[in-house]
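Trainee: I have a two-chain model open and would like to go through it with you. Can we take it piece by piece?

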Amino acid sequence: MSDLAVHFSGVGKTYPHFTLDDIHLELPTGSIQGFIGANGAGKSTTLRILMGLVHQDRGTVQVLGHSMPASQVAAKRDIGYVSEDLRLYKAATLAWHMSFVRSIFPGWDAAYAEELARRFDLKPEQKIKGLSHGQRVKAALLLALARRPRLLVLDEPTTGLDPVARHEVLGALTEVLADERRTVLFSSHNTLDVEQISDRITFIDRGRILDSDDKESFLDRWRRVRLEVPANAVLPEVPGIVDATRSGRLAVVTTDHYQPDLAAAYQKAGATVFAVEAMTLEEIFVADVRSRRERKAA
Amino acid sequence: MTPSTLTTAAAATSGPSAGSMDFAMIKRLVLKDWYFLRGPILGYLAAGALALALVSQAGEGTFFAGSILLITVLITIGIHLAMATVVEERKNQTLAFVMSLPVSPAEYTTAKIFANLLIFLLPWLALLVGSFAVIAGNAALPDGLIPFTGIVLLEIFASSFLILAVALISESQSWTIGAIVFGNLFFQGFLYYVSHIPSIGQTMNGPRIVWSPAAVNLLVGEIVSIALMVGLTFWLQSRKTDFL
């Protein structure tokens, strides 16, 4: 079935000091999409528009077939949402929250909720104020997952967690996401977190989508090439070069459209190729953001 | 992929259609607020009962102490409700949890107004009826106090709704505190103004209950003010585009 769980078309939102501009975003059903951006890039605004909590000034948003924000109630019946700035009621127990959410969602899976509580090492009778931050994130995840949503929206769920808690939350998330085919949109400024669980990646910076592709395609097409270039040699113009720095005879070229014949082209120009290095998602993200910012400034 | 390939399975989703109110959801949200406030409200009822006991005692000192305690309890309930159900919900970031549920902004606003009115009305009505009963049943207290008491307690109700409306519309602790200060200053002036209206001031220490045209007009004006604030709150809330 070739359909989209989320479709943003030309979406914009203008604030006095920030503009989300011309967002086009497609999330195929069943995919796990990482949404990467620096702090203040527009991730949370985008996800709030997706949830109908912020109304776009321009463009259209379709979520699970519903037009947003007009049909947000119908859409939210099938969305599980966990955000960095979402908190549960401190004075209530997890059991109270489970009972409250169960009363709203007919599809609440009580057995799954109990299983998640065990897996996350949570005690339902414990009050939220007695939980650590990591446990609170897990509690929010439990409440989102046990309603069996068709779409799971996670907005920086690992932010503010210590390394151990972050590892636990990501591990638990990876485990539950492997359980079944579920559409997930996971935002973070931490590329390692996103890389761990996503199969598609979207970069956003300063309110604009930079790039969106399968994770493997991202990792395949980005390369860093290290060269030794004789003083009189001129490197050929090759499409897809994102960055090229030269220090004496040494040069480093970064490309987002790597082809094996790139090295051959440089060698033909008299350069010696030392290494063609794969890049981590973080390196790709930083290179993409820097090159686009420089191009915009130029 | 094009927008036309988007799933149309959404049509199968159950529940009220877009634009209509889900009153079952509103009820859940009201009960949720009641769950968190039932303890303090019982405490306020106990303090209100103490105030009425003081008022019913012979002696000017206990009467004034009871009256001040009664007014303080009612004003505090209004402030507590708006702060706990609206301002703190935003400050403590539980608003994101509520709004992640299948709730529309209109349902959220309706739930907050219902919750605050119902939870406020419970102790308010109990203390209003209790006040009337104490005045009517105590020979030392003039029955003429009843209209004045009704007008004053209804003003506290209106003032409490003003605080709620400002909290909902502004979503700001500072503006809400401003509304609290304004409400209390207005209340002091209102007490002075009402007690100096001849048809009210001259009969409040008398043995008969006199519903003068001025007293009735004040009561009607207070009720109309509350209704206008309810309408204005809904209207302004419906124009909001950002809910987090």
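Trainee: How many bridges join β12(A) to strand β13 of chain A?
Mentor: This is a predicted model, so what follows describes a prediction. β13 covers residues 250–255 of chain A, and β12(A) runs antiparallel to it. One bridge sets A:Arg246 against A:Ala251 in β13(A). The number of bridges joining the two strands is six.

Trainee: What is the order of the strands in the open sheet that holds β12 and β13 of chain A?
Mentor: The sheet has four strands with antiparallel pairing. β12 (241–247) and β14 (272–278) of chain A stand at the edges with a single partner strand each, so one side of each lacks a neighbour in the sheet. Neighbouring strands are turned against each other by 15° on average, direction ignored. The order is β12-β13-β11-β14.

Trainee: Which helix packs on this sheet by touching β11, β13 and β14 of chain A?
Mentor: The helix spans residues 261–268 of chain A, and its direction makes about 160° with that of β14(A). Another helix, α10 (residues 281–297) of chain A, lies across β12 and β13 of chain A and runs at about 90° to β12(A). The helix that touches β11 (223–228), β13 and β14 of chain A is α9.

Trainee: How many residues are in the hairpin that joins β1(A) to β2(A)?
Mentor: The two strands pair in the antiparallel sense over seven bridges. In that pairing A:Lys13 has A:Leu20 of β2(A) as its bridge partner, and A:Val11 stands opposite A:Ile23 in β2(A). The hairpin joins β1(A) to β2(A) through four residues.

Trainee: Which element gives the largest share of the side of chain A that touches chain B?
Mentor: The contact takes 36 residues from chain A and 31 residues from chain B. On the side of chain A, β1 (4–14), β2 (19–28), α1 (43–51), α2 (72–76), β6 (79–83) and α3 (94–104) each supply at least two residues. By class, the residues on this side divide into 16 nonpolar, 12 polar and eight charged. The largest share, four residues, comes from α2(A).

Trainee: How many helices and how many strands has chain B?
Mentor: Along its sequence, chain B follows the pattern α-α-α-α-α-α-α-α. Its C-alpha atoms fill a box of roughly 80 × 35 × 30 Å, taken along the principal axes. The count for chain B is eight helices and zero strands.

Trainee: Are α1(B) and α2(B) roughly parallel or roughly antiparallel?
Mentor: Helix α1 (residues 23–56) and helix α2 (residues 60–91) of chain B have axes that come within 7 Å and cross at roughly 170°. An angle over 145 degrees counts as roughly antiparallel. That makes the pair roughly antiparallel.

Trainee: Is the crossing of α4(B) and α5(B) left-handed or right-handed?
Mentor: Helix α4 (residues 105–137) and helix α5 (residues 145–170) of chain B pack at about 165°, with axes 11 Å apart, and are therefore roughly antiparallel. Among the residues that meet are B:Phe120 and B:Trp124 in α4(B) and B:Leu153 and B:Phe157 in α5(B). By class, this contact has 11 nonpolar, five polar and one charged residues. The crossing is right-handed.

Trainee: What ipTM does the predictor give the complex?
Mentor: For chain B, the mean pLDDT is 88, and 92% of its residues reach 70 or more. Over residues 1–15 of chain B, however, the pLDDT is below 50. For the complex, the predictor gives a pTM of 0.85 and an ipTM of 0.86.

Note on methods. Residues numbered from 1 in each chain as written. Chains lettered and ligands numbered in written order. Predicted model: local features only at pLDDT ≥ 70, side-chain atom pairs only at ≥ 80, totals over all residues. pLDDT = per-residue confidence, 0-100. Contact = placed C-beta atoms within 7 Å. Pairing = 2+ DSSP bridges. Axes fitted to C-alpha atoms, helices over the stretch in contact; angles between N-to-C directions. Nonpolar A, V, L, I, M, F, W, Y, C, P; charged D, E, K, R; others polar. Parallel < 35°, antiparallel > 145°, perpendicular 65-115°, else oblique. Left-handed = near helix turned anticlockwise from the far one by under 90°.
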